[in-house]
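Dear colleague,

I am handing over the structure below, and my notes on its sheet and its salt bridges follow.

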Amino acid sequence: GPPIGWFAAGSDERKSTVDLSGLFAHAESAARDEVPGLVRTIMILLMRGEPITLEEIETSSRFALETVRESLKAWRDIEYDDEGRLVGLGLTLRPTEHRFLIEGRELYTWCALDTLIFPGILGVRAEVKSACHATGSPIQFEVGPEGVRRLAPESAMVSLVVPGDMTSIRGSFCRQVHFFASQDAARTWIGEHPGGSVVSVAEAQRMGLALAKVRFTASTRCC
């Protein structure tokens, strides 16, 4: 098979190879350095739809408050409210173009790929309401650990890029990972990002879940 982080994508008429090995290397490094299970614990707390305190994270993660505080300092993209409560880490309470509804609670994600992988990480079903980055036309679907359902339009695609500098994963990666209504709608983006790729929603989910397995399986090992 292909090396880790390399994927075959596209139809038989338009086969391509997508190289995400740089993302996989970053995921492996992040998993090694992270306090086990902390990111997933934070996302589970955020699913309630309310800001969370460091004390709540301490209680749920069973790590000392100082350990939690020091770990959070390493993640420059985390969002806090004016009271110092955490409101965003991949999954966020602050509006983005990607609405992520869980049991009626309206949450958001930092990028298109997040909407496809978080249900698998968190074991939930979600309704996603987003828009084509080029045309603004609606893109909607339901997603769970088992896959995507009711995708509209069925031609929807996801853009992917592997940045050289990933010190800010949101700034360098997430802001380039969008939904497009079709391959044609993504044409301008492709022209502006020669190193980027555009893949189907199903392919993006497959790649994203493989990446999440590396990122979160290693980081949830304990003792």
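**Sheet and salt bridges**

Strand 3 runs antiparallel to strand 4 (residues 86-89), to which 2 bridges join it; strands are DSSP runs of E of at least two residues and helices runs of H or I of at least four, numbered from the N terminus, and two strands pair if DSSP finds at least two bridges between them. Within this pair, Glu79 stands opposite Gly88 in strand 4.

The model is predicted, so local features need pLDDT of at least 70 and side-chain atom pairs count only at pLDDT 80 or more, whereas totals for chains, interfaces and linings use all residues. Residues are numbered from 1 along each chain as its sequence is written, and side-chain values use heavy atoms, with hydrogens and water left out.

The open sheet has 8 strands in the order 3-4-5-7-6-8-9-10, with antiparallel pairing. Strand 3 (79-80) and strand 10 (147-152) stand at its edges with a single partner strand each, so one side of each is left without a neighbour in the sheet.

Arg94 forms a salt bridge with Glu79, with the closest N and O atoms 3.9 Å apart (a side-chain nitrogen of Lys or Arg within 4 Å of a carboxyl oxygen of Asp or Glu). Arg94 lies in the loop between strand 5 and strand 6 (99-102) and Glu79 in strand 3, so the pair ties together parts that are 15 residues apart in sequence. Glu79 is buried at 9% relative accessible area, while Arg94 is partly exposed at 36% (buried means under 20%, exposed over 50%, partly exposed in between, with a 1.4 Å probe and protein chains only).

With regards
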